[in-house]
Amino acid sequence: MTPPSTDERPRPDTTATIPAQRRSRLATEVHTHLGGLPRTFWILFGGQLVNRIGGMVAAFLVLYLGAQGLSAGQIGAVLAARGVGSLVSQPLGGLLADRVGRRFTLLTGLVATSGALVLLGAVHPLPAMIAAAALLGSVSELYRPASSALVADVVPPAARAKAYGLLFWAVNLGFAVASLLAGFLAEHGYWLLFAVDAGSGLAFAVIIAVGIPRGTAGRPKPAAGGDRAGYRTALRDPLLVALVLLTLAYATVYNQAQVAIPLAIRDHGLPATVYGTAAAVNGIVIVVLQPVLTTWLARFDRMKVLAASWALVGGGMALTGLAHTAWQYCLVVVVWTIGEVGTAGFTAALVADLAPAQARGRYQAMFGWGWSAASLTGPTVGTFVYGTLGPAATWLGCLAIGALCGVGALALASRVARRRAAALHLALA
């Protein structure tokens with residue numbers, strides 16, 4: 001048989017090659033954004049996602065308390081009690097994470113939070129509600145320093161920003177789902193919100209108990225000089241203290257999304273659904289942009305990224321003063337949400353880089369304390385300035401504080417870079 005002519009020879013099957021190339025590119029993208037992270041991290045990620053999907057009580061707590069017949073002042077007292085309790089929660093959680101162990105603190109905090117949620121939903125006299133809210137605040141953040149410290153234990157420094165960013169993404173994805181489900185469940189009784197929230201916390205605890213064996217996430221080994229790095233060491237660390245204060249200032253501005261923005265929407269005569277839509281836009285932008293944007297930003301200096309992001313959030317909040325319609329409010333939310341995404345993972349990663357291995361829980365607790373304190377300063381300062389000095393002063397204040405935070409981050413950039421380089425050299429030695 002004569003061989004076929006050149007024109008008759010079979011050609012490569014390009015229809016199979018093109019999909020294969022696309023699959024290869026997709027695999028590369030997935031590895032870039034999700035690869036290189038250990039099993040323990042993904043256990044935390046899955047548990048955090050489950051916990052946040054069930055986290056329904058916080059967003060609807062004001063409505064629940066109002067449905068119980070409490071006045072605005074009484075509702076404020078309950079919320080304040082929870083806020084005061086939260087100031088204790090993270091420092092205690094950090095201490096337990098370093099002294100007793102990550103796994104123990106995670107399990108204790110999650111189980112205690114579930115119990116406190118059930119208690120808050122069961123009691124009705126105001127003094128009992130205040131006591132239950134204070135208890136909830138004091139235990140609800142216990143697990144956070146242990147979770148953040150465990151990420152620093154198992155994830156190499158170069159991948160920490162990505163890891164913390166993905167946890168941030170899971171929190172926001174879970175929050176978006178929880179908000180949709182909670183609105184439906186609340187129509188059938190607020191007790192369902194408490195039941196689902198408590199159940200999701202217990203589910204997170206089960207995931208930790210099963211997925212992280214005993215002894216694999218315990219107390220870190222002391223350094224050569226002994227286990228002397230605690231809160232006293234942390235408070236004497238000028239870089240950490242400066243970062244916590246900057247975080248407190250930034251978080252106070254960020255809290256205006258839940259304080260001043262809904263007041264402005266109300267004052268423009270717009271319905272509450274506009275605020276709900278704006279909140280949904282915030283979640284959608286985070287879910288869509290965060291994995292890609294965080295990976296891209298990780299190639300830049302972390303403090304410079306934070307400087308730009310904090311300034312953008314402050315400027316975006318200030319733009320609220322120019323908004324008058326629903327679409328304008330949503331556009332403003334997109335602006336400052338991009339800045340929020342820019343902060344995702346970088347602050348927690350910086351704290352992990354600064355912390356001695358035996359004090360990672362306490363360092364993360366101090367960082368978290370900045371956010372807890374802002375849950376008091378944000379509403380207090382925001383409502384006072386808005387009601388006394390006016391909306392314009394509120395938005396200009398956001399702009400000024402955001403800019404100052406950006407300047408402060410730039411001022412610390414070189415010192416943080418040297419500290420990170422020294423820590424990386426020590427880790428590789």
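Colleague: In which helix does Val288 lie?

Modeller: Helices (H or I, at least four residues) and strands (E, at least two) are DSSP runs, numbered from the N terminus. Val288 lies in helix α13. Please note that this is a predicted model, in which local features need pLDDT of at least 70 and side-chain atom pairs count only at pLDDT 80 or more, while totals for chains, interfaces and linings use all residues. Residues are numbered from 1 along each chain as its sequence is written, and side-chain values use heavy atoms, with hydrogens and water left out.

Colleague: Is Val288 buried or exposed?

Modeller: Buried means under 20% relative accessible area, exposed over 50%, and partly exposed in between (1.4 Å probe, protein chains only). Val288 has 55% relative accessibility and therefore counts as exposed.

Colleague: Which residues form the nonpolar patch on the surface?

Modeller: Like charges are joined within 9 Å, and nonpolar side chains (Val, Leu, Ile, Met, Phe, Trp, Tyr) within 5 Å. Here the nonpolar patch consists of Ile284, Val288, Leu289, Leu312 and Ile338, which together have about 400 Å² of accessible area (Shrake-Rupley method with a 1.4 Å probe; for residues, only the protein chains shown count as cover). Helix α13, residues 272-297, gives the most to this patch, with 3 residues.

Colleague: Which residues does Phe346 touch, beyond those up to four places away in sequence?

Modeller: Contact means heavy atoms within 4.5 Å. On that basis Phe346 touches Ala161, Thr294, Leu297, Ala298, Arg302, Val305 and Leu306. Phe346 belongs to helix α16 (residues 346-354) and counts as buried, at 0% relative accessibility. Between Phe346 and Gly165 there are 181 residues in sequence, yet 7.5 Å in space, C-alpha to C-alpha.

Colleague: What joins the side chains of Asp98 and Arg102?

Modeller: A polar contact is a pair of N or O atoms within 3.5 Å; within protein, one must be able to donate a hydrogen and the other to accept it, and residues adjacent in sequence count only if both atoms are side-chain atoms. The polar contact between Asp98 and Arg102 is 2.8 Å. Asp98 is found in helix α4 (residues 72-99) and is buried, with a relative accessible area of 0%.

Colleague: How many helices and strands are there in the protein?

Modeller: The protein has 18 helices and 0 strands. Of its 429 residues, 47% count as buried.

How values were computed: Patches are made of residues with over 30% relative accessible area and no salt bridge: like charges are joined within 9 Å, nonpolar side chains (Val, Leu, Ile, Met, Phe, Trp, Tyr) within 5 Å. A salt bridge is a side-chain nitrogen of Lys or Arg within 4 Å of a carboxyl oxygen of Asp or Glu.
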